[in-house]
Amino acid sequence: MSKYDPTNPGHNPARRQALSCLAAWTGAAVVWTVAGGVPRALGATSTGTPPAAAKDALTFVQISDTHIGFHKAANPDVIGSLRRAIADINALSQTPAFVVHTGDVSHLSKPEEFGQAREVLQEIHVDRVHTVPGEHDAIDEGVNGYLKFFDHDGNGKSWYSFDQGGVHFIALNNVLNFKMGRMAALGDEQITWMKSNLAGVPHSTPVVVLAHIPLWTIWEPWGWGTADSAQAMALLRPFGSVTVLNGHIHQVLQKVEGHISLHTAMSLAYPQPKPGQEGIGEPGPVTVPADQLGKLLGTRQLSVVRGRHELALIDTPLDR
Amino acid sequence: MSYRFSCNTTRLLRGCVALGLVFCAVFVMPANFAAAAPPAPTVEVNIAKFAFSPQEITVAPGTKVIWTNRDDTPHTVTSNDKSFASKGLDTDDKFEHTFASEGDFSYICTLHPFMTGVVHVRKQ
């Protein structure tokens, strides 16, 4: 296939139109601000270069669904894709405070996959990479294999919280507690923990929630939702600014419920179909032409401006 | 020395005969019985496009069921009563379980709990 020439974007109008459709699908390079929980688009950057964040902003990056260990046609080089994302992160004009990984670190929960992931993630020039487990990280022995490599607070739990830059972060595990024919769930123990964790947090504090599977039901026949998310939402509703960051579906989607905005992210491994996409029938890897893959994988930069309760989200594909 | 040697040889020979009889009793005879019994029936279930196919099967006690994952995505075969559970199955990995007694055994993929199947075990 012919390569897209960014210096001559007008050489093929049909192709340009196709690319703009893809950009719309991935939400690539659209800048959102969340004021009082209501996002509005500020504009799109044509090059995908994020505008400089305010100096007092807390900036961090979300990556997701690296699926280390995957080596099928949809992406024979997931390590290469992760390293391209790391190069993008390390080149950001404002160094992020940390990186969050919203799950499916590995493909098959193998120790060598977790080990390789941890090793490569250390190439990011940040102090910490916060992770939550995806269902691919919980095969065979629950999250025990994952926790051997990613036990963040040393408590042997896959859920935890931390505070940084005036923001309260909650990292959740919603890939267990599955029952026949039902979506995965957080479970009573975690909901109880969440309730006590949030009890001491002032409602004016911005809250950011990390979880692998979307905390709203996007497409139930494919398990794209969390069975008991309503209980979690009830606990978050009193807060003035809540941002939920999810992965799992390998594409950018947004939803706003009052002061809670929910966002899914691109994968760094392979694209997946649109929710319930006609003619596909199942949520498996989608193989696209090699020169299209980098447009469907990417990272997300987030900025939280203290005092304004605004969050800016910039989704940047690997190929722009 | 030579007398003792021949004596030991005789004992050795006796021992060999006795051992041979034991071998016959333990290994040869049951092998003959096994050959007379019908081979254990086998039923194949495919895991493809995030579904078990056939989704529902009925087999006789003693049947071995073999699941094969044909997807690019890992799946598991995990019974709801915990009587059998596979590891994560990558593409072309197989899992087998022999159903000894009658009953209805429903199972799911723990990665994708919307994927369900059932094995009915019935005397035929």
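At what angle do helix H5 (residues 188-199) of chain A and H6(A) pack, and how far apart are their axes? The legends below begin with that pair; the model is predicted.

**View 1. Packing of H5(A) against H6(A).** The two helices pack at an angle of about 5°, and their axes are 10 Å apart. Because angles under 35 degrees count as roughly parallel, H5(A) is roughly parallel to H6(A). H5(A) contributes A:Ile191, A:Met194, A:Lys195 and A:Leu198 to the contact, while A:Gln231, A:Ala232 and A:Leu235 come from H6(A). Sorted by class, the residues of this contact are 5 nonpolar, 1 polar and 1 charged.

View 2. Is A:Gly223 buried or exposed? A:Gly223 is buried, because 26 other C-beta atoms lie within 10 Å and 20 or more are enough for that class. A:Arg182 is 41 residues away from A:Gly223 along the chain, yet the C-alpha atoms of the two are separated by 7.6 Å.

**View 3. The contact between chains A and B.** Chain A supplies 21 residues and chain B supplies 19 residues. On the chain B side, the residues that touch chain A comprise 6 nonpolar, 8 polar and 5 charged.

Definitions and conventions:
Residues are numbered from 1 along each chain as its sequence is written. Chains are lettered from A and ligands numbered from 1 in the order in which they are written. This is a predicted model: local features need pLDDT of at least 70, side-chain atom pairs count only at pLDDT 80 or more; totals for chains, interfaces and linings use all residues. A residue is buried if 20 or more other C-beta atoms lie within 10 Å of its own, exposed if 12 or fewer, and partly exposed in between; C-beta atoms are placed from the backbone. Two residues are in contact if their C-beta atoms, placed from the backbone, lie within 7 Å. Ala, Val, Leu, Ile, Met, Phe, Trp, Tyr, Cys and Pro count as nonpolar, Asp, Glu, Lys and Arg as charged, and the others, Gly among them, as polar. Axes are lines fitted to C-alpha atoms, for helices over the stretch in contact, and angles run from 0 to 180 degrees between N-to-C directions. Helices (H or I, at least four residues) and strands (E, at least two) are DSSP runs, numbered from the N terminus. Angles under 35 degrees count as roughly parallel, over 145 as roughly antiparallel, 65 to 115 as roughly perpendicular and the rest as oblique.
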